[in-house]
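Let's take a short walk through this structure together. Open your viewer, get ready to select residues, and follow along.

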Amino acid sequence: MPDKLIDLPAIDVRLLPPQERHPRVFAMLDAMPPKSAMLLISDHDPVPLRRHLAQHFSGMFDWRPVEEGPEVWRAEIRRLAHPGCNCDAH
């Protein structure tokens, strides 16, 4: 894993009960200032989460796969500057 990813805030959903995973991820994403990033660690390909972000938060986040299984999936999720975000205030 690249060194720059080690310094990112991370959420390892493997440690959470399934019903808590998405709410915790969304709370963390909501708290991120624009132009920041976090690392998501999962025990499966997080396709539903990626689709949800694309459908409901289009243009707000960038998803970059870092590791794609078979046992661990890691993705860097970056909050983008977008129209109306007041990005320079953070």
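The expected span of a helix is 1.5 Å times one less than its number of residues. Keep in mind as you go that this is a predicted model.

**Stop 1: helix α2.** Select residues 18-31, the 14 residues of α2. At 1.5 Å a residue, α2 should span 20 Å, and its end C-alpha atoms are 21 Å apart, which agrees.

**Stop 2: the buried side.** Which residues of α2 are buried? Color R21, V25 and L29 to see them. Now look down the axis of α2: these buried residues fall within an arc of 45°, so they line one face of the helix. An α-helix has 3.6 residues a turn, so residues three or four places apart point the same way.

**Stop 3: the other side.** Turn to the face of α2 that points away from its buried side, and you will find the exposed residues Q19, P23, D30 and A31.

**Stop 4: the cover.** Show β1 (10-12), β2 (37-42), α3 (47-56), β3 (61-68) and β4 (73-79), which are among what covers the buried residues of α2.

Stop 5: Rolling a probe the size of a water molecule over the atoms shows where empty space is left. Here, there is 1 cavity of 30 Å³ or more, and about 50 Å³ of space lies in the largest cavity. Select its lining: D45, P46, R50, W63, P65, E67, E68, W73, R74 and A75. Both β3 and β4 give two or more residues to this lining, with the largest share, 4 residues, coming from β3. The lining residues divide into 5 nonpolar, no polar and 5 charged.

Terms used. Residues are numbered from 1 along each chain as its sequence is written. This is a predicted model: local features need pLDDT of at least 70, side-chain atom pairs count only at pLDDT 80 or more; totals for chains, interfaces and linings use all residues. Side-chain values use heavy atoms; hydrogens and water are left out. Buried means under 20% relative accessible area, exposed over 50%, partly exposed in between (1.4 Å probe, protein chains only). The arc is that of the directions from the helix axis to the C-beta atoms. Contact means heavy atoms within 4.5 Å. On a 1 Å grid over the protein atoms alone, a cavity is a set of points where a 1.4 Å probe fits but cannot get out, and a pocket is an open set with protein on both sides within 12 Å along at least five of seven lines; lining residues have an atom within 4 Å of a point. Grid points are joined across faces, edges and corners, and a volume is the space filled by probe spheres set on the points. Ala, Val, Leu, Ile, Met, Phe, Trp, Tyr, Cys and Pro count as nonpolar, Asp, Glu, Lys and Arg as charged, and the others, Gly among them, as polar.
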